[in-house]
Amino acid sequence: YVGSGAGASSLAMDKMATKSTAAELGIRTPAACMATSEGAIDLQPPFVLKPIDEGSSVGVRMVSELAELASILSELQASHDRVMAEAFIAGRELTVTVLGAETLAPVEIEVSSGFYDYEAKYIRDDTRYTVSPPLPPGVEARMAADSRALFDALGCRDVARVDWLLEDSPSDGPRAWMLEVNTIPGMTSHSAVPTAAAA
């Protein structure tokens with residue numbers, strides 16, 4: 001069949017395991033930790049709570065202040081066994097498709113409001129996808145190289161999508177942060193992989 005085997009897909013679906021692999025490769029990824037039922041999280045707001053092994057942004061919630069943490073975490077843990085907290089990075093949403101031997105041009109994803117959640121991915125028609133958006137020098141090449149390295153390290157095959165945030169740091173300039181790897185990326189008219197492949 002087309003696509004990654006069960007082992008690579010299982011590893012990539014585990015967002016914490018993917019982050020560990022990225023860190024071993026020297027690929028920048030936002031700080032994250034497991035969220036326990038006691039709510040002990042080694043991050044300061046704003047941060048993101050998300051199930052460790054969900055796709056399509058299901059269950060992704062923003063925590064703007066600590067007073068919100070207990071109720072949001074309780075809600076997520078009622079339906080998900082493992083939840084992680086991840087530092088919030090403000091920046092442009094980009095994704096890079098690895099397709100066979102090729103690494104395709106990045107696609108920038110722009111939503112009309114909020115973030116790129118399930119509704120923006122599959123339901124709304126106002127999400128914009130821009131292939132080969134203008135990027136600072138060196139960013140596209142670095143994301144491509146890191147996406148390919150992570151694809152290979154996870155044992156992916158055929159096709160996968162690597163999601164990034166591009167932060168414009170006042171002190172360090174543009175910095176790309178790897179969020180996750182999707183080994184079964186969407187193939188709808190709203191999806192980034194077919195958009196990049198068509199281009």
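**Figure 1. Leu-43 is in contact with Ala-31, Ala-85, Glu-86 and Ala-87, its neighbours within four places in sequence being left aside.** Contact denotes heavy atoms within 4.5 Å. The model is predicted: local features require pLDDT of at least 70 and side-chain atom pairs pLDDT 80 or more, whereas totals for chains, interfaces and linings use all residues. Residues are numbered from 1 along each chain as its sequence is written, and side-chain values use heavy atoms, with hydrogens and water left out. Leu-43 belongs to the loop between strand 1 and strand 2; helices (H or I, at least four residues) and strands (E, at least two) are DSSP runs, numbered from the N terminus. Its relative accessible area is 13%, so Leu-43 is buried (buried, under 20%; exposed, over 50%; partly exposed, in between; 1.4 Å probe, protein chains only). Leu-43 and Ala-85 are 42 residues apart along the chain, and their C-alpha atoms are separated by 7.7 Å.

**Figure 2. A cis peptide bond runs from Pro-45 to Pro-46.** Omega of this bond is near 0 degrees. Pro-45 is found in the loop between strand 1 (32-35) and strand 2 (47-51), and Pro-46 is likewise found in the loop between strand 1 and strand 2. With a relative accessible area of 24%, Pro-45 is partly exposed. When its neighbours within four places in sequence are set aside, Pro-45 touches Val-63, Ser-64, Glu-65 and Leu-66. From Pro-45 to Ser-56 there are 11 residues in sequence and 23 Å in space, C-alpha to C-alpha.

**Figure 3. Helix 1 (residues 6-13) packs with helix 2 (residues 15-24).** The angle between the two helices is about 95 degrees, and their axes are 5 Å apart. Helix 1 is therefore roughly perpendicular to helix 2 (under 35 degrees, roughly parallel; over 145, roughly antiparallel; 65 to 115, roughly perpendicular; the rest, oblique). Axes are lines fitted to C-alpha atoms over the stretch in contact, and angles run from 0 to 180 degrees between N-to-C directions. From helix 1, Leu-11, Ala-12 and Met-13 meet Lys-15, Ala-17 and Thr-18 of helix 2. The residues of this contact comprise 4 nonpolar, 1 polar and 1 charged (nonpolar: Ala, Val, Leu, Ile, Met, Phe, Trp, Tyr, Cys and Pro; charged: Asp, Glu, Lys and Arg; polar: the others, Gly among them).

**Figure 4. The second largest pocket holds about 210 Å³ of space.** Its lining has 15 residues, of which Met-13, Gly-55, Asn-182, Thr-183 and Ile-184 are the closest to the centre of the pocket. Helix 1 and strand 10 (173-182) each contribute at least two residues to this lining. By class, the lining residues are 6 nonpolar, 6 polar and 3 charged. A pocket is an open set of points on a 1 Å grid over the protein atoms alone, where a 1.4 Å probe fits, with protein on both sides within 12 Å along at least five of seven lines; lining residues have an atom within 4 Å of a point. Points are joined across faces, edges and corners, and the volume is the space filled by probe spheres set on them.

**Figure 5. Ser-132 has a positive phi, near 55 degrees, in a residue other than glycine.** Ser-132 is situated in the loop between strand 8 (128-131) and helix 5 (139-154). Its relative accessibility is 42%, so Ser-132 counts as partly exposed.

**Figure 6. Asp-158, a residue other than glycine, has a positive phi near 70 degrees.** The loop between helix 5 and strand 9 (159-169) contains Asp-158, which is partly exposed, its relative accessible area being 33%. The C-alpha atoms of Asp-158 and Val-2 are separated by 6.5 Å, although the two residues lie 156 residues apart along the chain.

**Figure 7. Val-96 is buried in strand 5 (residues 92-99).** The relative accessible area of Val-96 is 2%. Apart from its neighbours within four places in sequence, Val-96 is in contact with Thr-103, Leu-104, Pro-106, Met-143, Ser-147, Ala-160, Arg-161, Val-162 and Trp-164. Ser-57 is 39 residues from Val-96 in sequence and 17 Å from Val-96 in space, C-alpha to C-alpha.
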